[in-house]
Amino acid sequence: MADQPGLPGNGGRLEGTRRAAGPRVQRRALLAAAALGTLSSCSVPAPRRTNPAPNPAPGLAISAGQRAQLMQILAHPDDDLYFMNPDTRRALDAGTPLVCVYLTAGEADGLNKIPGAPRPAPDKAAYSSSRHQGLRQAYAALLGLEEFTPWDTAVTELDGHHRAEVNVLVNGGRRVELIFLNTAMHTGRHRLGLPSLWQDRGLSLRTVVADDSPLRRAGSYTYDGLVEVLAGLMERYRPTVVHTLDPDPDIQHSTEAARRADSEQRGYSDHADHTAAACFAWAAMIRWVAGVTAGGGDVPGFVTTAFRGYYNRHWPKNLPPAVLDGKAAALVPYGGAPDWECGNPSGCGDYNVGGDRPLTNRKGWVRSTHHRYPGPRTVVATEPGGRLAAYAVVGLRVVRWRETEAGSGIWGPAHDLGGGPLAPVLGSATAGNGRLLLFGLRFAALAGHGGDNEREIVVLEQSTPDGGFLSWRGLGTPSPGRDEGRRIGVPVAVTAPDHRVHLFVRNAEKGLSTRVREVTGRWGGWRDMGGGEVQDGLTAVVDGAGRVHVFGAGHHAVHHWTQDTTETDLTARTRLTGAPVPADGPAALPSPDGSVELYYRAAAEPGLTTVRAGAEAPGARFDGYGPVVAAPSPRGPVLLGRTTDGLPQMRTADGLLVREGGAVALDGAALHLDADGRPAVVGLGPDARPWTWRP
């Protein structure tokens with residue numbers, strides 16, 4: 001096969017064929033010998049590379065003008081279909097090229113279980129091959145092709161003399177590439193492979209050669225080798241959007257029986273492979289940016305989204321039927337069936353996932369798509385002269401764009417403000433002195449082998465209103481334990497009428513913590529506010545009496561914290577049990593009667609729920625899915641959300657408006673109203689550049 005664009009390999013080597021039916025290749029003796037040598041050959045571990053330190057200093061050049069490219073880094077075949085759709089499908093439908101990197105072979109115990117049939121003989125190489133075939137079937141269908149459409153298959157060379165199988169399928173202008181690193185899911189001592197590789201400096205983790213693969217020989221990975229390969233793939237493909245799993249899953253207190261039934265790691269609400277895969281992905285992104293900039297290159301222009309995994313089991317489902325049906329449909333060809341004639345002798349899918357089983361599975365993973373860092377990707381401010389300025393995290397750093405002219409919707413070049421490496425969502429507030437404050441969640445340290453793995457809240461403050469910025473400042477974490485500090489959420493802030501800035505963060509116990517900036521600029525300490533468990537995606541608002549309110553989506557109701565008077569601390573209040581269970585965090589606006597009005601979508605429902613004075617009230621039709629954003633205007637509330645097709649939509653006093661053209665919209669767009677109440681929406685597209693919608 002001719003070299004595929006984006007896949008030259010080291011030295012341009014790419015060996016490939018067209019995948020078709022053929023005899024099964026047996027390599028058991030070779031694989032066993034390779035595995036034995038891999039696990040026993042190293043008695044003195046090689047020194048681990050020093051991980052790049054955070055680099056918050058501003059002033060680096062930001063790469064611009066790149067073509068949109070989505071890269072997904074997964075632990076197992078099917079992680080993308082269960083946890084990243086419908087986001088993945090929306091990108092594909094819009095023509096964004098996709099490359100998926102699967103870290104493990106997905107071979108598990110080698111049992112491709114057929115529901116209702118006798119237990120099959122274990123065959124790890126065959127099961128890995130069958131799951132790969134399921135992915136080819138699923139992505140062919142997502143590209144609008146017949147499930148058994150042949151793919152181009154090849155072997156590509158990676159950094160460090162590693163090799164991997166790559167599959168490519170193109171339909172018109174749409175393209176999918178699947179890269180199988182195929183590390184073993186278990187070590188020779190029956191421990192999980194990826195988590196052990198993240199923790200054990202002395203481990204060299206073997207790979208599995210799937211049946212019918214163009215690869216003929218197993219290899220192995222060290223910790224640094226895997227990080228280098230991932231960073232090398234990022235440099236090769238130059239993605240503008242990177243999807244990962246959840247690097248810091250919630251603490252989950254389950255019985256051992258419940259944990260095993262839910263397939264979760266001890267103490268946390270996810271599979272250990274998902275966590276390790278996400279940590280390797282984030283470590284690779286950090287190393288990629290550090291390596292490029294250390295060599296004098298521009299900061300790669302990309303944005304990130306991390307997706308929750310088995311978390312979906314524990315919280316209300318957030319996909320309405322129309323969206324859920326499309327997501328579940330992609331798992332049907334992945335699951336396949338043993339009587340399918342797909343042309344792959346080792347199997348035609350992951351049979352236990354086929355049919356309606358994703359929808360009937362009690363764990364309900366498919367019924368939600370939750371982002372690890374929910375909230376606004378963009379922060380928008382009006383500068384002197386009426387030009388808009390937009391702030392966002394690009395290349396793990398905060399950048400600022402300015403409109404070339406007021407109201408033009410044309411954005412100038414990105415200006416680097418530093419701060420990295422940061423999670424993709426920003427909080428913001430304007431202090432009483434007019435200075436803009438930007439808040440982020442920083443990966444203060446991310447290291448395996450027992451190294452530091454820390455997160456912290458950071459703030460960037462303007463030196464003068466509409467002026468430059470001071471240096472980044474760390475605000476620590478509300479959960480200071482060695483492990484707990486990783487589990488915090490994204491910052492949300494609001495300025496009270498007395499000019500104090502209230503900062504809120506979901507803590508490791510899934511409750512709420514706060515820190516307050518006094519008028520003098522001095523920050524108080526972190527304080528746990530009590531109350532029940534809530535999801536991330538908090539909303540803070542000030543009512544007509546000047547009291548601060550915070551709302552979060554709980555397991556069974558909206559949770560509420562507020563003040564008795566403007567001088568007192570916020571405390572937890574009675575949950576809003578008279579309204580439907582929220583799927584995501586609610587939006588909130590002050591009402592003329594002094595109360596606060598809430599807007600959200602109920603669990604598994606497309607319609608808009610409106611809550612006034614603590615009870616559900618009639619509201620405007622605003623069907624869709626995902627969180628809702630609200631802003632006040634002289635003519636009434638303005639709402640921003642997504643349709644069930646994923647398009648941005650707005651509800652104003654004039655009616656419902658849908659943005660059907662222009663750049664594709666990622667999540668987290670910002671709703672900004674000018675002094676006259678005219679709305680503008682600013683978001684990011686798959687090319688990591690801002691777009692503007694002024695209805």
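Predicted model: local features only at pLDDT ≥ 70, side-chain atom pairs only at ≥ 80, totals over all residues.
Biologist: How many aromatic pairs does a search of the whole structure find?

Modeller: The search finds 16 aromatic pairs. One of them joins tyrosine 82 and phenylalanine 83, with ring centres 5.9 Å apart and planes at 35°. Planes under 30 degrees apart would count as stacked and over 60 as edge-to-face, so this pair is tilted.

Biologist: Are tyrosine 82 and phenylalanine 83 buried or exposed?

Modeller: The cut-off for buried is under 20% relative accessible area. Tyrosine 82 has 7% relative accessibility, so it counts as buried. Phenylalanine 83 is buried too, at 2%.

Biologist: What is the geometry between the rings of tryptophan 282 and tyrosine 373?

Modeller: That pair is edge-to-face, because the planes stand at 75°, with the ring centres 6.2 Å apart. Tryptophan 282 is buried at a relative accessible area of 0%, and tyrosine 373 is buried at 3%.

Biologist: Which parts of the chain does this pair tie together?

Modeller: Tryptophan 282 lies in helix H8 (residues 272–294), while tyrosine 373 sits in the loop between helix H10 (357–360) and strand E11 (379–382). The pair therefore links parts that are 91 residues apart in sequence.

Biologist: How many residues of H8 are buried, and what follows the helix?

Modeller: Of its 23 residues, 19 are buried, so H8 is mostly covered. From first C-alpha to last, H8 reaches 33 Å, close to the 33 Å expected at 1.5 Å a residue. Glycine 296 follows H8 and has a positive phi, near 90°.

Biologist: Where do the side chains of a strand point?

Modeller: In a regular strand, side chains alternate between the two faces of the sheet. In E4, Asp152, Ala154 and Thr156 point one way, and Thr153, Val155 and Glu157 the other way. Six of the six residues of E4 (residues 152–157) are buried, so the strand is largely enclosed by the rest of the structure.

Biologist: Which strand is joined to E4 by bridges, and what lies in the turn?

Modeller: E4 is joined to strand E5 (residues 163–171) by six bridges, and the two run antiparallel. Glutamate 157, for instance, has arginine 163 in E5 as its bridge partner. The two strands form a hairpin with five residues between them, and glycine 160 in the turn has a positive phi of about 70°.

Biologist: Which residue lies over the face of tryptophan 691?

Modeller: Arginine 659 does, at 3.9 Å from the ring centre.

Conventions:
Residues numbered from 1 in each chain as written. Heavy atoms only, no water. Phe/Tyr/Trp six-rings, centres within 6.5 Å; stacked < 30°, edge-to-face > 60°. Buried < 20%, exposed > 50% of the residue type's maximum accessible area, 1.4 Å probe, protein only. Helix = DSSP H or I, 4+ residues; strand = E, 2+ residues; numbered from the N terminus. Lys NZ or Arg CZ within 6 Å of the ring centre and 35° of its normal. Pairing = 2+ DSSP bridges. Expected span 1.5 Å × (residues − 1).
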